Amino acid sequence: MRVTVLTGGSTHERDVALAGAAQVVAALRATGHTVQVFDTARGPVARAAEADALPATVGRTPPEADHLAALAAQERTVRFADHDAIREADVVFLVLHGPEGEGGAVQAQLDAVGVPYTGSDPEGSRLAMDKDEAKHRMRAAGIPTPEWIMWPAAPDATFTAAAVDLLGLPLIVKPSKAGSTVGLSVVHHHDDLADAVARARAVDDAVLLERFLPGRELTVGVLDDAALGVGEIVPRHEVFDYECKYTPELTDEIFPADVPAATADHLRALALATHRALGLRDFSRVDFRLDDGGAPQCLEVNTLPGLTAASLLPQSAAAAGIAFPELCGRLVQLALRRREHRNKVRESGEL
């Protein structure tokens with residue numbers, strides 16, 4: 001099978017994508033696939049150059065803004081969907097993060113050229129990437145999620161006071177459309193709120209203020225409309241921030257989580273319900289935190305969760321008995337299944 005791994009990009013999560021791609025490429029080749037790597041910001045990656053282009057680990061901090069700006073300018077000239085490496089692939093395996101890879105635009109371009117790809121369609125991707133809209137959809141489906149409010153385009157003192165009164169302190173301030181906790185802050189004092197908003201707005205114009213939940217942090221993977229293992233995240237920092245995510249000694253990731261069976265079943269049911277409520281497909285990872293009463297509330301959903309050696313979805317799959325090469329292979333097969341279904345519909349004259 002000819003699989004093109006589409007990765008890289010020009011967002012703050014570029015390094016995460018490249019490190020995940022290194023793992024995916026090795027797994028796919030080990031199971032017999034012919035693999036081409038394509039960096040959306042730099043074009044096709046020759047096999048001889050992969051060792052340099054795909055680092056095995058992620059640094060403690062995201063790439064510098066100037067470097068990303070230069071990559072973004074280059075990316076506009078690459079036009080990945082026009083390349084034979086994409087158009088002639090049997091499947092495109094997406095290892096892209098942030099709004100660029102998870103916001104639906106890449107998926108729409110692949111749909112336009114008729115190439116099957118892993119993960120959710122453009123609308124599901126767009127919806128899950130927008131934390132504000134996703135939380136509204138969760139609430140409508142009866143899925144608990146922490147109280148939140150959006151920072152307006154021109155914040156003033158009245159709004160600030162109202163937000164703090166509603167949410168209480170501490171509170172979470174984060175970009176609405178970003179991942180890997182880039183731009184996220186925990187605010188303990190009213191005087192720190194403006195700086196936290198500015199930090200988030202450096203990543204995304206839309207900023208979400210969310211009630212901080214003090215309980216345990218848990219996560220559940222979803223694969224092919226079935227919930228996987230429940231894991232617990234115990235960071236050394238106050239929250240599971242970028243540094244903790246990609247520095248193994250700063251976080252304990254426990255799979256399966258040490259929770260009662262009834263709690264694990266409830267978390268798996270909530271994860272699957274969230275996946276379905278947002279109209280997602282193939283796979284996702286759903287993150288939770290327990291509230292004061294020990295009840296889980298959904299923080300967010302990742303439609304293209306990390307696939308590095310330290311990432312949570314592979315660990316959730318392993319807890320359910322699915323090794324990493326099998327996980328990657330199943331994602332390829334899910335994409336192929338859609339293509340075969342579309343071809344059958346076309347042949348029947350219904351498309």
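The stops below cover a sheet, a helix and a loop.

This is a predicted model, in which local features need pLDDT of at least 70 and side-chain atom pairs count only at pLDDT 80 or more, while totals for chains, interfaces and linings use all residues. Residues are numbered from 1 along each chain as its sequence is written, and side-chain values use heavy atoms, with hydrogens and water left out.

**The sheet.** Select the 4 strands that form an open sheet in the order E3-E2-E1-E4, with mixed pairing (strands are DSSP runs of at least two residues, helices of at least four, numbered from the N terminus; two strands pair if DSSP finds at least two bridges between them). At the edges lie E3 (43-45) and E4, each pairing on one side only. Now show E2 (34-39): 3 bridges join E2 to E3, and the two run antiparallel. Phe38 has Pro44 of E3 as its bridge partner.

**Helix H6.** Next, select residues 105-113; Val106, Gln107 and Leu110 are the buried ones (under 20% relative accessible area, 1.4 Å probe, protein chains only). Looking down the H6 axis, these buried residues fall within an arc of 100°, so they line one face of the helix (the arc is taken from the directions from the helix axis to the C-beta atoms). Just after H6, Gly114 has a positive phi of about 75°.

**The loop.** Finally, pick Asp204, between helix H10 (193-201) and strand E8 (207-211). Asp204 is buried but has no salt bridge, with Lys177, the nearest side chain of opposite charge, 4.4 Å away (a salt bridge needs a side-chain nitrogen of Lys or Arg within 4 Å of a carboxyl oxygen of Asp or Glu).

Conventions. Buried < 20%, exposed > 50% of the residue type's maximum accessible area, 1.4 Å probe, protein only. Lys, Arg positive; Asp, Glu negative; His and termini not counted.
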